[in-house]
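Dear colleague,

Please find below the structure that I am handing over to you. The findings follow directly after it.

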Amino acid sequence: TRAVWTADGSPYRYAVSLIDAGVMTLILENGAYNLKVGLDKDEKPKVIPNFISRSKTERRRSFISNQLEECKDLSGLFYLLPFQKGYLVNWDTQRQVWDYVFGGDVLKIRPQDHGLVFSEPLFNFPSIQDTLNEIFFEEYKFKSLLRTPVSTLSALNYTQSNPDSLCCVVIDSGYSFTHVVPYYRGKIISKGVLRIDVGGKLLTNHLKEIVSYRQLHVLDETYVMNQVKEDVCYVSQDFYGDMETVRRRGQANTVLREYVLPNFSTRRRGFIREQISKPSSHGQASEEQSLRLASERISVPELLFHPSDLGITQMGIPEAVCHSVSLTPKQMHPHLFANIVLTGGSALFPGFRERVASDVRKLAPDDYDVNVLKPEDPLTYAWYGGQLVSDVDGCPNHLTPVTLAEYREHGHFICYKRFTELQAWNWPADVDSR
């Protein structure tokens, strides 16, 4: 039972939890490229694509989410994405994906029998939030709903594992954006939230452009080049030194790798060839298509640290972390620098954690410790935070769901109070009250 303050300042008490009366909770981390979804009792979530795709060889059929595994030729895929520039705008596509996930193909659940923990982007538009409320309550009829930014779930997971840490900085590098979000006691410090307009989508598109210009036309091969990015690219610890290595020839060029592209008959994913083959003559047919990648391996992830390389006049991740911390109360600074958490797909790049730790260490004051944590699986780290929310004992008071009955009585107002006002930390009022 919890006390919640109404608009006029009077408290009313209600007995509700996401797992009340044996009701299981669905945890849906609704990413722009991947969905991480599962019930609170599941050991791990299902990671499935969040789009509808069509193949140039099977034009009459649309592949919803992980139905893509049934597609025989993954070259030249056409995507229908629910998200554009980080926000949910294509509702018809998103509903088809949700219907597929909730139905008998993936989870085999009836939404009206479950509560829902749903992740949304930071700075989400009120019109999108209202539409989400209407869809989940009026169409799917979930018993309860909790909307919260994905970084909040990551912060909750971190503070649960590190109970002595009152503060943390979450670096969420996703498909569309990279967010740097400071937290105090699980609440967002709104003044310190920063966004960098660099994400996995931009990195893949940049790789497609430079490979198409130098070697092979791959502008239509988004799916394949995304695999190339994941398999070959890494974050350099000495970018300019590695660029000098790229200029060398033969075995002295330790950065160069040959990536064999998939042929979709014997293999669906490419691989790195251990021994680089000699270029074939023009008159000789080759059974395999391959890419020779050197500077591309390090220059693509480098955009996360220097967006200006692509003409984006914004700070890189290390500078954004330090600037974000500087916008918080000074007494929090040492605690924030000592608790930096990496989440999102870009955190999977080899060397990402080491580079962030090294660059932040150079910029932070010398008397502050800098500690950067990369979870075992940064992609699903926030989903496990959603599991904690669904637990009565692990759920903090500021993450309180709205029940279907409350929504029918108060409408969007109760959702705004619970999901916007309660989840933000008010400063300097909270500092002055201590």
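Asparagine 34 stands opposite proline 49 in strand 5. This is a predicted model, in which local features need pLDDT of at least 70 and side-chain atom pairs count only at pLDDT 80 or more, while totals for chains, interfaces and linings use all residues. Residues are numbered from 1 along each chain as its sequence is written, and side-chain values use heavy atoms, with hydrogens and water left out.

The sheet

Strand 4 (residues 34-39) and strand 5 run antiparallel and are joined by four bridges. Both belong to an open sheet of six strands with mixed pairing, in the order 5-4-3-11-12-22. Its edge strands, each pairing on one side only, are strand 5 (46-49) and strand 22 (402-403). Helix 2 (residues 126-139) packs on this sheet and touches strand 11 (115-120), strand 12 (144-149) and strand 22. The direction of helix 2 makes about 150 degrees with that of strand 12.

As for the terms, helices (H or I, at least four residues) and strands (E, at least two) are DSSP runs numbered from the N terminus. Two strands pair if DSSP finds at least two bridges between them. Contact means heavy atoms within 4.5 Å. Axes are lines fitted to C-alpha atoms, for helices over the stretch in contact, and angles run from 0 to 180 degrees between N-to-C directions.

Serine 65

Is serine 65 buried or exposed? With a relative accessibility of 0%, serine 65 counts as buried (under 20% relative accessible area; exposed is over 50%, partly exposed in between, with a 1.4 Å probe and protein chains only). A polar atom of the serine 65 side chain lies 2.7 Å from the backbone oxygen of proline 49.

Salt bridges

How many salt bridges does a search of the whole structure find? The search finds 16, a salt bridge being a side-chain nitrogen of Lys or Arg within 4 Å of a carboxyl oxygen of Asp or Glu. One of them pairs arginine 355 with glutamate 302, whose closest N and O atoms are 2.8 Å apart. Arginine 355 lies in helix 10 (residues 352-363) and glutamate 302 in the loop between helix 7 (295-299) and helix 8 (317-326), so this pair ties together parts that are 53 residues apart in sequence. Both residues, arginine 355 and glutamate 302, are buried.

Arginine 110 forms a salt bridge with aspartate 113, with the closest N and O atoms 2.5 Å apart. Arginine 110 is partly exposed at 46% relative accessible area, and aspartate 113 is partly exposed at 33%. A salt bridge (3.2 Å, N to O) also links the side chains of aspartate 197 and arginine 195. Here aspartate 197 is partly exposed at 27%, as is arginine 195 at 32%.

Cysteines

The structure holds zero disulfides, a disulfide being a pair of cysteine sulfur atoms within 2.5 Å. For cysteine 167, which is in no disulfide, the nearest cysteine sulfur is that of cysteine 168, 7.9 Å away. Cysteine 167 is buried, with a relative accessible area of 3%. Cysteine 168 is likewise in no disulfide and is buried at 1% relative accessibility.

With kind regards

Methods
A polar contact is a pair of N or O atoms within 3.5 Å; within protein, one must be able to donate a hydrogen and the other to accept it, and residues adjacent in sequence count only if both atoms are side-chain atoms.
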